[in-house]
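Let's take a tour of this protein, one spot at a time. Have a look at the sequence and the structure first.

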Amino acid sequence: TGCIDIAEEILKCYPQAIEHIDDKGRNILHIAIRHRRLKIFEVVAKQEVPMKRLVRKFDNEGNSVLHIVGLKRKEYIAEKIRGPALELREEMQWFKRVESVIPSHFKEHRNDMKLTAWGLFHQTNNELRTTSAEWLKRTSEGCTVVAVLIATVAFAAAYTVPGGPNTQTGAPILVNKPFFVVFTVTDVLSLSFALTSVVIFLSIVSSPFRLIDFKESLPNKLMLGFTFLFLSVSMMMFAFAATVLLMIQNRESWTKVILYALSFLPVGIFALSYFPLYVSLSDTYKYLLKELRRSIPWKLIVVVLSLPTYLFGCRKHRNANSLELPQHRPATSNRHR
C-alpha cells in the first residue's frame, strides 16, 4: 500500500524481513515495482548488501525484477491524472531505474513465456503506445492551430502599426515613442516563437511513434513546443499592452482601445488552457534532473574551479619570497673550518 513509515519501521526492528519471499516467489522488490512504490524501492536500494541478492531473484514464473516493470497490476491508477504519453514516459523511466540496478546479463533473461524483459514491456504497453500516439497527435494539432493563429495576428499587426503611417514619408507616426520599440520587438519575437512552435508540433505529428521515442524524443519535442507557444503568447500580450498604451497616449477613441484589448482575450484563453498540461509535462523532468545531478562529478568540478586560486596563491607566495632581501650569513673563520 506504499506506507513508507511502516516499511522503514519493520526493516529497522527486523532487518531480516527484507529477505521475505511470498508464496509466488516474489521478494520486496518484485512487489514494490509491481505496485510502482518508488519510495519503498529507494529504501531497499540504499541497503547495498541485501540489494545485490534481491536483484538476482526470480519468481515462480521466471520473472526477474526487470520483467515486473511490464507486469503492473490491472487496477493500477497513476497518482496524477496525466496524458497517456506522459504515463508511458513514466513507465519508461521505471524500466530505466530497474535496469540500472540489475546485472547486465540479466537483461537478456527469458521468463517461462520465453520473453525478455524488454519484449514483455513492449507487449504490455503496446495498447498504451497506440493511445499515446493518438493523444500526441490531437494535442499537437490543437497547439498548431493556436500557434498559427498567433502568428497570423502578429504578422498582421506588423503591417498595421499603432497610430498609422505618415502619409508623406510612410514612416510610423509614433516611431519616436518608447512603447513603439516595445511593440516592435515583442511582435517580432511573438511571430518567431509561434512559427518555431508550429515546426516542432508538425515534427511530432509526422513522427513514427516508436516505443523508444516516448522515452525522450517526443516528450522533449512536446515540452519545447509548449515552451515556444507560451513565449509567443507572452510576447503577444506585451505587444498588445504596448499598443493600448500608445493609443491612449495618442488620445485615440476608446472604441479602438477596447477592441485592441479584447482581441487578445480569445488567443490568451485558448493558449493558456494548455498550461496545466505544460506543468504536468515539466514534472516528468524531475527524475532526469535528479539523475543528472548524480552523474555530474562535483568533486572534480570543485578541484578544477579551485585550481586557479591555488595557482594564483602559489605565484603570489613565490613573488613575495622573491621580494625579500637576501640574508647575509656570517663569515666563517678559518679556525671553525
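Where does Asp-213 lie? You'll find Asp-213 in the loop that runs between α8 (178-205) and α9 (217-249). Keep in mind that this is a predicted model.

Is Asp-213 buried or exposed? Its relative accessible area is 7%, and because anything under 20% counts as buried, Asp-213 is buried. The side chain of Asp-213 also has a partner: it makes a polar contact with the side chain of Arg-210, at 3.0 Å. If you skip the neighbours within four places in sequence, Asp-213 is in contact with Ser-207, Pro-208, Leu-218 and Pro-219.

Next up, the core. The largest nonpolar core has 53 residues, and helix α7 (residues 126-159) gives the most to it, with 10 residues. Among the residues with the most contacts inside this core are Leu-29, Val-98 and Phe-214. Take Val-98: leaving out neighbours within four places in sequence, Val-98 is in contact with Ile-33, Phe-41, Val-65, Leu-66 and Val-69. In soluble globular proteins, nonpolar side chains tend to be buried together.

Finally, the second largest pocket holds about 450 Å³ of space. Of the 19 residues lining this pocket, Thr-1, Ala-7, Ile-28, Ile-31 and Ile-40 are the closest to its centre. Two or more lining residues come from each of α1 (4-13) and α2 (28-34), and α1 gives the largest share, four residues. Here's how the lining divides up:

| Kind of lining residue | Number in the second largest pocket |
|---|---|
| Nonpolar | 11 residues |
| Polar | five residues |

Note on methods:
Residues are numbered from 1 along each chain as its sequence is written. This is a predicted model: local features need pLDDT of at least 70, side-chain atom pairs count only at pLDDT 80 or more; totals for chains, interfaces and linings use all residues. Side-chain values use heavy atoms; hydrogens and water are left out. Buried means under 20% relative accessible area, exposed over 50%, partly exposed in between (1.4 Å probe, protein chains only). A polar contact is a pair of N or O atoms within 3.5 Å; within protein, one must be able to donate a hydrogen and the other to accept it, and residues adjacent in sequence count only if both atoms are side-chain atoms. Contact means heavy atoms within 4.5 Å. A nonpolar core is a set of buried Ala, Val, Leu, Ile, Met, Phe, Trp, Tyr and Cys residues joined through side-chain atoms within 4.5 Å. On a 1 Å grid over the protein atoms alone, a cavity is a set of points where a 1.4 Å probe fits but cannot get out, and a pocket is an open set with protein on both sides within 12 Å along at least five of seven lines; lining residues have an atom within 4 Å of a point. Grid points are joined across faces, edges and corners, and a volume is the space filled by probe spheres set on the points. Ala, Val, Leu, Ile, Met, Phe, Trp, Tyr, Cys and Pro count as nonpolar, Asp, Glu, Lys and Arg as charged, and the others, Gly among them, as polar.
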